[in-house]
Amino acid sequence: MLSFHVHIAQGSELPPTTESSVTSSLKTYIIHVKRPEGKIFTESEDLESWYHSFMPPTVMSSKEQPRLIYSYRNVLSGFAARLTQEELRAVEKKNGFISAHPEKMLYQQTTHTPKFLGLQQKMGLWKESNFGKGVIIGVLDSGITPDHPSFSDAGMPPPPPKWKGRCELNGTTCNNKLIGARSFNNAAKAQKGEKAEAPIDEDGHGTHTASTAAGAFVHHAEVLGDAKGTAAGMAPYAHLAIYKVCFGGRCPESDILAALDAAVEDGVDVLSMSLGQRNPHPFFKDNTAIGTFAAIQKGIFVSCAAGNSGPLSGSLVNGAPWILTIGASTIDRRIVAKAKLGNGQEFDGESVFQPSNFSTTLLSLAYAGKNGKQESALCANGSLNDIDFRGKVVLCERGGGISRIAKGKEVKRVGGAAMILMNDKVNAFSLTADVHVLPATHVSYAAGLKIKAYINSTVTPTGTILFKGTIMGNSQSPAVASFSSRGPNLPSPGILKPDIIGPGENILAAWPFRLDNSTNSKLTFNIMSGTSMSCPHLSGIAALLKCSHPHWSPAAIKSAIMTSADILNLGNQPIVDETLQPANIFATGSGHVNPSRANDPGLVYDIKPDDYIPYLCGLGYSDTEVGIIAHRTIKCSETSSIPEGELNYPSFSVVLGPSQTFKRTVTNVGEAYSSYVVKVTAPDGVDVRVQPNKLHFSETNQKETYSVTFSRIGLGNKTQEYAQGFLTWVSAKHTVRSPISVKFLKGNDVTKQQLPLLDNNSNVRKLPY
């Protein structure tokens, strides 16, 4: 046992203040500190004593709410504390202090999918991976509904011996499915003086994501009579460990770090985080990136939502290369509600609420914005008082920061009979099925314009909604959902993100509450959309691959998922986006996940945790900034820094002025004796040369290295800023595909380095072009 004395630096006492004035000026800070040279903390008390030594003496002797709220052991060297500005200045003067910043708030990024993804109970990946049996998925979200049938442990073994977690469910015991549940709300308690909360889900988001990742088989699942079938998570026999970090939709950074710290200690295999900041930040200021780097060092796979700020370019978050960053796609199930007009035109839309008693008789149809007011057109709360909409079908426009369901509430408030919700131009053809409060349908922007034109063409416009229920089969699926955040990856433009897309639009999964007034509170499901929904799909798939290939590293699993992805939809055409045009790779990443092919990828691009250090130095980060991420002292001058493109990543993101050459190393995880030949689909305006152009393997786990040189042809692509293509290694059995993104530098820019720049106002790294 390590024993040592901590000497608290005695400075001048801070001036006395009243308790109320202190409380009002307190903020929670994440504080990074060095660990004492040569000291190894074997006891948590030793570590806490070290952290306490940084706090002003008057703070630590105070009888008020504890100010040091978390001491981090695994995911960073530092702690979270509530301090005033003056107290923070005192902390900054202590020996060993590195940096501090106010904690940021993260937000949630919000049956049929196993079949849609090709998972079958009696064959293929589900059978080969034993449905994920023995793998532990840690879910950081809003908690859990423990007695939901999706979390039944029927037929499941106990957790593996390595499991060290605990169950903090009051009056409810965990089981062999739900093996741990904890709540981390010290930040909320410190801010509001609230009591500790049990990890019970109060908003549904955490229950939905957990069951998507690893829910048990539940027969007769449905939502208001639609989307009927058997619900199951991606890894139905995997164990679940729940870490509640979100309270009222807000997820404090200090709580998330504490949960990550516990999850690493508890022994999870996969971390699923459907959370994200509003904007991307440099990795040394992004505590999700910092905390998850510690996780992958322990062999834990991490998947995160890309964000719901699409289709805006550069809106993606959680873009660190050690994280699997996931965008959202549609599935081939629609819950159809047709808008029918008096002139005979019909337009397909979607809605979960499908009342069986709604009349098909044409009703008076009116445009909500006929008074010329924008807030009325958007059906904002209280905006429809000026006109009589009683008994009418009302056309509302999407947007304005008003939820889709809230628009229906406003129509219902003024006596409207039904609502047609038309998309805005940005969301185009991307539709969402919602549990509306009145008969409604959500139609495309193009359909909305035609409905508007019809209303303006006649004195007595009429319309109604025809509810058609669940319809399977859509050749344009999967398509990229409009809300799915897009690259480029601003903190690191040389790493292509997102990595992958997966089902995230209109996903059925477990829910804590009934959506109708029935008393059956057990068999409850809901349909939700968001990259929050696509993230747990990939977390569950990663668990299957971990079970099937227990010795694969997190990077190897990630590579298998990326290089085996689909780039064509069910109609054998390129995957489209919300405009119904081919989606670019800043929307799709490597493509749409194909779990069965990921289980047998042929080759993988592996990365060891220490391989990220030269990459981070190459980003231009200082020794201190890289050390914050690496959780140890780093000297970039002694590390062979590499450009972003030299990281052994399964994709390429290239900024082209002069020619650039990058190396990649692949590991054979297929047949011992195998040969691959390269096939290049070059981006327009780019010459791509690969050496060697053939790879030969004679044993499993053999590694081979190749180089690829990217050169402009003339001035490059003359009409587009970006170009894209693919580099594919093909054998008799396998196709190992890597996407290529090329950005053409112009004029004087060709001499600039491919480095992100820091905007001092936003702390967001911006591209130098």
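Author: Buried means under 20% relative accessible area, exposed over 50% and partly exposed in between, with a 1.4 Å probe and protein chains only. This is a predicted model, where local features need pLDDT of at least 70, side-chain atom pairs count only at pLDDT 80 or more, and totals for chains, interfaces and linings use all residues. Residues are numbered from 1 along each chain as its sequence is written, and side-chain values use heavy atoms, with hydrogens and water left out.

Reader: Thanks! Which residues of helix 19 are buried?

Author: Helices (H or I, at least four residues) and strands (E, at least two) are DSSP runs, numbered from the N terminus. Helix 19 spans residues 623-630. Its buried residues are Val626, Gly627, Ile628, Ile629 and Ala630.

Reader: Is His631 buried, partly exposed or exposed?

Author: His631 follows helix 19, in the loop that leads from there to strand 27 (652-656). Its phi is positive, near 70°, although the residue is something other than glycine. Because its relative accessibility is 23%, His631 counts as partly exposed.

Reader: What is the relative accessible area of Cys379?

Author: Cys379 sits in the loop between helix 11 (374-377) and strand 19 (393-397). This residue is not a glycine, yet it has a positive phi of about 55°. Cys379 is buried, and its relative accessible area is 0%.

Reader: Which residues does Ser559 touch, leaving aside those up to four places away in sequence?

Author: Ser559 belongs to helix 15 (residues 554-563). It counts as buried because its relative accessibility is 0%. Its contacts (heavy atoms within 4.5 Å), leaving out residues up to four places away in sequence, are with Leu603, Val604, Tyr605 and Pro650.

Reader: How many of the residues of helix 14 are buried?

Author: Helix 14 covers residues 531-548. It is largely enclosed by the rest of the structure, because the buried residues number 16 of the 18.

Reader: Which residues of the largest nonpolar core touch the most other members?

Author: A nonpolar core is a set of buried Ala, Val, Leu, Ile, Met, Phe, Trp, Tyr and Cys residues joined through side-chain atoms within 4.5 Å. The largest one here has 65 residues. Those touching the most other members are Leu140, Tyr243, Phe283, Trp322 and Leu616.

Reader: Which helix gives the largest share of this core?

Author: The largest share of the 65-residue core amounts to 8 residues. Apart from this core lies another, of 52 residues, including Ala214, Ile500, Trp552 and Ala560. The helix behind that largest share is helix 9 (residues 253-266).

Reader: What is omega for the cis peptide bond from Gly487 to Pro488?

Author: Pro488 is placed in the loop between strand 22 (462-472) and strand 23 (500-503). The bond that reaches Pro488 from Gly487 is cis, and its omega is near 5°.

Terms used. The expected span of a helix is 1.5 Å times one less than its number of residues.
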